[in-house]
Amino acid sequence: MKIVVCIKQVPDTTEIKLDPVKGTLIRDGVPSIMNPDDKAGLEEALKLKDLYGAKVTVVTMGPPQAEAILREAYAMGVDNAILITDRKFGGADTLATSNTIAAAIKKIVNEDGCDLIIAGRQAIDGDTAQVGPQIAEHLGLPQVSYVKEMKYDEADKSLTIKRVVEDGYYLLKVSTPALVTVLAEANQPRYMRVKGIVEAFDKPITTWGFADIDIDEKIIGLAGSPTKVKKSFTKGAKAAGEVFEVEAKEAAQMILEKLKEKFVI
């Protein structure tokens, strides 16, 4: 079994701030981490490796410093790591990003094969949840998103998946090759092994630029991005609320009137 896991280096959103004048993210001094949903997806891949001896390859697209999360993935137990980096890929929205990653995965499939692609549900710096499903569409693969649990049937090469929805969950079965996107709460990712940390810095990271993957320059980077972020801003503070000390019956009537006033009911 061969698995490709898509991971992303993101700013730690608990530390991030916005420039009040420019409306842009202040990244200076903000630590970067592996995206939590992606780390949960990586753990699912490593669990399959533990059970079935799967070969796990991680792929990330980003600047050269994104190599740090590939080293972390090595320390957790992956077999191969690929960094997709080139100035031509810069400024990409979700569509241009998925075009690039899908082209890289096609190269992996052609060279080594792939039975399963795992991505996180969404990245905490964008919250779009679009890249994983878009990759599946580019590759013509069946996809299941919002995965909380999955089990692999080696006999018929299928996955039984618990997919979370707002009012419950679905139990689905999908044949591989396929793509799944995993929720951060799906599992507790393993810690890096001490031996793994030491060995991670001796292992090779394959680097691919624009010239290494078969893709049209018109559909990547800023030029290939149909959407642009005009401005980012923080949510304004709410006005102070009113406090009423009344009996339960009167309180219920007041709530009812407020809901009608706001056209909730």
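## Helix α2 and its surroundings

Helix α2 is followed by G77, whose phi is positive, near 130 degrees. Helices here are DSSP runs of H or I with at least four residues, strands are E runs of at least two, and both are numbered from the N terminus. This is a predicted model, in which local features need pLDDT of at least 70, side-chain atom pairs count only at pLDDT 80 or more, and totals for chains, interfaces and linings use all residues. Residues are numbered from 1 along each chain as its sequence is written, and side-chain values use heavy atoms, with hydrogens and water left out.

Helix α2 is mostly covered, with 8 of its 10 residues buried. Buried means under 20% relative accessible area, exposed means over 50%, and partly exposed lies in between (1.4 Å probe, protein chains only). The buried set is I69, L70, R71, E72, A73, Y74, A75 and M76. The strands are β2 (9-11), β5 (32-34), β6 (55-61) and β7 (80-84). The helices are α1 (36-52) and α5 (194-200). Contact means heavy atoms within 4.5 Å.

## Overall build

The chain has 6 helices and 13 strands. Its C-alpha atoms fill a box of roughly 70 × 50 × 40 Å, taken along the principal axes. Of its 265 residues, 40% count as buried.

Among contacts between residues at least 6 apart in sequence, 71% join residues at least 24 apart. The chain exposes about 15,700 Å², and carbon and sulfur atoms supply 53% of that area. Accessible areas come from the Shrake-Rupley method with a 1.4 Å probe; for residues, only the protein chains shown count as cover.

## Nonpolar cores

The largest nonpolar core holds 37 residues. Such a core is a set of buried Ala, Val, Leu, Ile, Met, Phe, Trp, Tyr and Cys residues joined through side-chain atoms within 4.5 Å. V5, L42, V58, I118, M150 and V180 touch the most other members. Helix α2 (residues 67-76) gives the largest share of this core, 6 residues. A second, separate core has 25 residues, among them I101, I117, I215 and I220.

What does M150 touch, not counting residues up to four places away in sequence? Its partners are E44, L48, L116, I118, L159, T160, I161 and V180.

## Residues within the helices

E43 is placed in helix α1. E43 is buried, at 7% relative accessible area. Leaving aside neighbours within four places in sequence, E43 is in contact with N187, Q188, P189 and R190.

T100 lies in helix α3 (residues 94-112). Its relative accessibility is 0%, so T100 counts as buried. Not counting residues up to four places away in sequence, T100 touches M61, I84, F89, I213, I215 and I220.

## Helix α4

In helix α4 (residues 131-139), the buried residues are G132, P133, Q134, I135 and A136. Their cover includes the strands β1 (2-6), β8 (116-120), β9 (143-153) and β12 (178-182). Helix α3 is also among the elements that cover them. Just after α4, G140 takes a positive phi of about 70 degrees.

## Cysteines

How many disulfides does a search of the whole structure find? The search finds 0. A disulfide is counted when a pair of cysteine sulfur atoms lies within 2.5 Å. C6 is in no disulfide, and its nearest cysteine sulfur, that of C114, is 8.9 Å away. C114 is likewise in no disulfide, with the sulfur of C6 as its nearest.

C6 is buried, with a relative accessible area of 7%. C114 has 16% relative accessibility, so C114 also counts as buried.

## Surface features

I255, L256, L259, V264 and I265 make a nonpolar surface patch of about 440 Å². Patches are made of residues with over 30% relative accessible area and no salt bridge; like charges are joined within 9 Å, and nonpolar side chains (Val, Leu, Ile, Met, Phe, Trp, Tyr) within 5 Å. A salt bridge is a side-chain nitrogen of Lys or Arg within 4 Å of a carboxyl oxygen of Asp or Glu. L256 is found in helix α6 (residues 248-261). L256 is partly exposed, at 31% relative accessible area.

A223 lies in the loop between β13 (206-208) and α6. A223 is exposed, with a relative accessible area of 71%. A223 and G90 are 133 residues apart in sequence and 9.4 Å apart in space, C-alpha to C-alpha.
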